[in-house]
Amino acid sequence: MTQDNTSKIVKEVLSFLNPRTRNVIEKRYGLRTGEPQTLESIGKEYKITRERVRQIEANGLKSLTGAKERSKPLADFLTEAKNYLTSFGGIRKETALLADFAKAAGAGKKKIADCEINFLLALDKDLAFAAETNEFCAAWSSDREIYSRVKQGLDSLVKNLEAKNEPLSFGRLVEESRGCFGTLAKNRADEILAGWLELSKLIASNPYGEYGLSSWPEIRPQGVRDKAYLVIKKEKAPLHFIQISRLIEKTFKTVRPVNHQTVHNELIKDPRFVLVGRGTYALADWGFEPGTVKEIIASILKKYRKPMTKNEILEAVSKQRQVKELTVIFNLQNRKLFKRLADGRYALNEELIIEEA
């Protein structure tokens, strides 16, 4: 359906109205400018109340209820629209529908084409429009029941995702949604369910194609820290803050370069990250403990609750920190914390005090 075709249908349909009603509807739907006007702005222009404008609009649309009986092009358009909605399971997000129907419109005429299509769809009493809310996108449906049932299924899916509290692949999300939509999803292709999922503002995906709640940092990360957490988790290995900066740029396609020092400064303050080497960060989720090298050595000795050889300590520290062997040996010389026993093993001073007592 080209923009020229819809414009011709709109022009024919509007010719069925008296001039004043035609002008009000043109303004309300933005048929001339691509910018719908409010009841209040039209009322001020005509020096009438908002309620009077609403009445004129309602009466005008009512008088056009049978317009498709008088206009074959309109009837054909509405038949095409119904078939289109049926192919998507009876409901389609408004922006997606408009993109499909007005794709032939030039860049400068896209807004007007969108307004024309919405106006023509409003002339069929069998079609239902659901306005945008905080949780759902605006949508056109073949009837109000299908919208209500899809909405209920999406509400159920959001609750299931909250309970799982982990991102899902698209395939797993679709399978999860089938259980939530129940009989409504029976014999429906995955593409149809995917279209229904697009209606929810509470469900989104991240750059890695994982799906979950839009409020989750792993799905819609806010700020450097959340983005860094996601890229480190996906790399499954500790990374230097310069590598992290570059991965953030690549993954999130940032317009401006990510400042390396900013990343370093932000991560060092966040308990989700552990500095395991010179500028290298790992996730605390992986079992890395916070602290300096000497604190890590002390923690290891406390954990094993017995003196350990230098090699045993080196091996244990290597699992927590990316540091040179000499750094570990240097820290073992801290006599306030550690003591070298006669057999060459090392122990915490506080353990020796307890044993001597």
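This is a predicted model: local features need pLDDT of at least 70, side-chain atom pairs count only at pLDDT 80 or more; totals for chains, interfaces and linings use all residues.
Let me begin with a term: a residue is called buried when its relative accessible area is under 20%.

The opening case is R92, which sits in strand β1, spanning residues 91-93. Its relative accessible area is 11%, so R92 counts as buried under that cut-off. What does the side chain of R92 make a polar contact with? The partner is the side chain of Y84, at 3.0 Å. Leaving aside residues up to four places away in sequence, R92 also touches L85, L97, D100, A139, W140, G195, E198 and L199.

In general, nonpolar side chains in soluble globular proteins tend to be buried together. Returning to L97, its contacts beyond four places in sequence are Y84, L85, R92, I117, L121 and W140.

Finally, I turn to helix α17, residues 325-332, where V328, N331 and L332 are buried. Viewed down the axis of α17, the buried residues fall within an arc of 105°, and therefore they line one face of the helix. On the other side of α17, L326 and F330 are exposed. The buried residues of α17 pack against α15 (293-304) and α16 (310-318), as well as strands β10 (338-340) and β11 (346-348).

Notes. Residues are numbered from 1 along each chain as its sequence is written. Side-chain values use heavy atoms; hydrogens and water are left out. Helices (H or I, at least four residues) and strands (E, at least two) are DSSP runs, numbered from the N terminus. Buried means under 20% relative accessible area, exposed over 50%, partly exposed in between (1.4 Å probe, protein chains only). A polar contact is a pair of N or O atoms within 3.5 Å; within protein, one must be able to donate a hydrogen and the other to accept it, and residues adjacent in sequence count only if both atoms are side-chain atoms. Contact means heavy atoms within 4.5 Å. The arc is that of the directions from the helix axis to the C-beta atoms.
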